[in-house]
Amino acid sequence: MLPREKRVRTPADFSQTLRSGARTGRRNVVVSAHLFDPTLPSEADSSAGPVRVGFVVSKAIGNAVVRNRVKRRLRAAVADQLNGPLAQHPGATVVVRALPPSGTADWDELKKDLDSALAGALRKEAGRRRPADPASGPVPVTGAGSGAELNA
């Protein structure tokens, strides 16, 4: 079980992470990650705080026994990540959504998909947050032709 301060609990936190975070999917899970950015006006007043994680496991996964097993496995896999890659991102919020194949997936497959999707979402989100270098000038656009060369 994750401690209360490390869980996403409110619908507003879930929706903010799902709306503004980077998303990466695999066969069994979809991970959305939103990194803390003190330069944003909406996040300037708060401190980074701990990494918080939420889970979405719908009835499409299976009956209550299957859903609870998937939730337990996902929580255990995320607990391993809290001391690893997630420790480098204080204040981040992560939402893990289980997909229907996760109900029949074994532990190794579920963990591998979660680790891969989490790494991808963090990489995407960090790439979005990278500040642009104003000295480099505008970014050149390549391949912006009329499209006629494709039909030739």
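This is a predicted model: local features need pLDDT of at least 70, side-chain atom pairs count only at pLDDT 80 or more; totals for chains, interfaces and linings use all residues.
Ser102 sits in the loop between strand S4 (93-98) and H3.

What lies 2.6 Å from a polar atom of the side chain of Ser102? It is the backbone oxygen of Leu99. Apart from neighbours within four places in sequence, Ser102 is in contact with Asn28, Ile61, Val70 and Leu110. One of these, Val70, is also among the buried residues of H2.

## The chain as a whole

The protein chain contains four helices and four strands. Their order along the sequence is α-β-β-β-α-β-α-α. The chain has 152 residues, and 35% of them count as buried.

The accessible surface of the protein chain is about 9,200 Å². Carbon and sulfur atoms account for 54% of that surface. Among contacts in the chain with a separation of 6 or more, 80% are between residues 24 or more positions apart.

Helix H2 covers residues 64-82, which makes 19 residues. From its first C-alpha to its last, H2 reaches 27 Å, close to the 27 Å expected at 1.5 Å a residue. At the N-terminal end, H2 is capped by Asn63. A side-chain oxygen of Asn63 lies 3.2 Å from the backbone nitrogen of Val65.

Which residues of H2 are buried? They are Val66, Arg67, Val70, Leu74, Ala77, Val78, Gln81 and Leu82. Viewed down the axis of H2, these buried residues fall within an arc of 145°, so they line one face of the helix.

The structure holds four salt bridges. One of them joins the side chains of Arg52 and Asp13, with an N to O distance of 2.9 Å. Arg52 belongs to strand S3 (residues 52-56) and Asp13 to helix H1 (residues 11-20), so this pair ties together parts that are 39 residues apart in sequence. Arg52 counts as partly exposed, at 22% relative accessibility.

Another salt bridge is formed by Arg27 and Glu109, whose closest N and O atoms are 3.3 Å apart. This pair links distant parts of the chain, 82 residues apart. Arg27 is in the loop between strand S1 (22-25) and strand S2 (29-34), while Glu109 is in helix H3 (residues 107-129). Are the two partners exposed or partly exposed? Arg27 is exposed, with a relative accessible area of 53%, and Glu109 is partly exposed, at 29% relative accessibility.

Asp115 counts as partly exposed, at 24% relative accessibility.

## Thr93 in strand S4

Thr93 is found in strand S4. At 5% relative accessibility, Thr93 counts as buried. The side chain of Thr93 makes a polar contact with the side chain of Thr17, at 2.8 Å.

Leaving out neighbours within four places in sequence, Thr93 is in contact with Val8, Thr17, Ser32, Ala33, His34 and Arg52. Arg52 is also the residue that meets Asp13 in a salt bridge.

Met1 lies in the segment before H1. Is Met1 buried or exposed? Met1 is exposed, because its relative accessible area is 79%, and the exposed class begins over 50%.

Not counting residues up to four places away in sequence, Met1 touches Arg7 and Arg75. Met1 and Arg75 are 74 residues apart along the chain, and their C-alpha atoms are separated by 6.8 Å.

Note on methods. Residues are numbered from 1 along each chain as its sequence is written. Side-chain values use heavy atoms; hydrogens and water are left out. Helices (H or I, at least four residues) and strands (E, at least two) are DSSP runs, numbered from the N terminus. Buried means under 20% relative accessible area, exposed over 50%, partly exposed in between (1.4 Å probe, protein chains only). Contact means heavy atoms within 4.5 Å. Accessible areas come from the Shrake-Rupley method with a 1.4 Å probe; for residues, only the protein chains shown count as cover. The expected span of a helix is 1.5 Å times one less than its number of residues. The arc is that of the directions from the helix axis to the C-beta atoms. A polar contact is a pair of N or O atoms within 3.5 Å; within protein, one must be able to donate a hydrogen and the other to accept it, and residues adjacent in sequence count only if both atoms are side-chain atoms.
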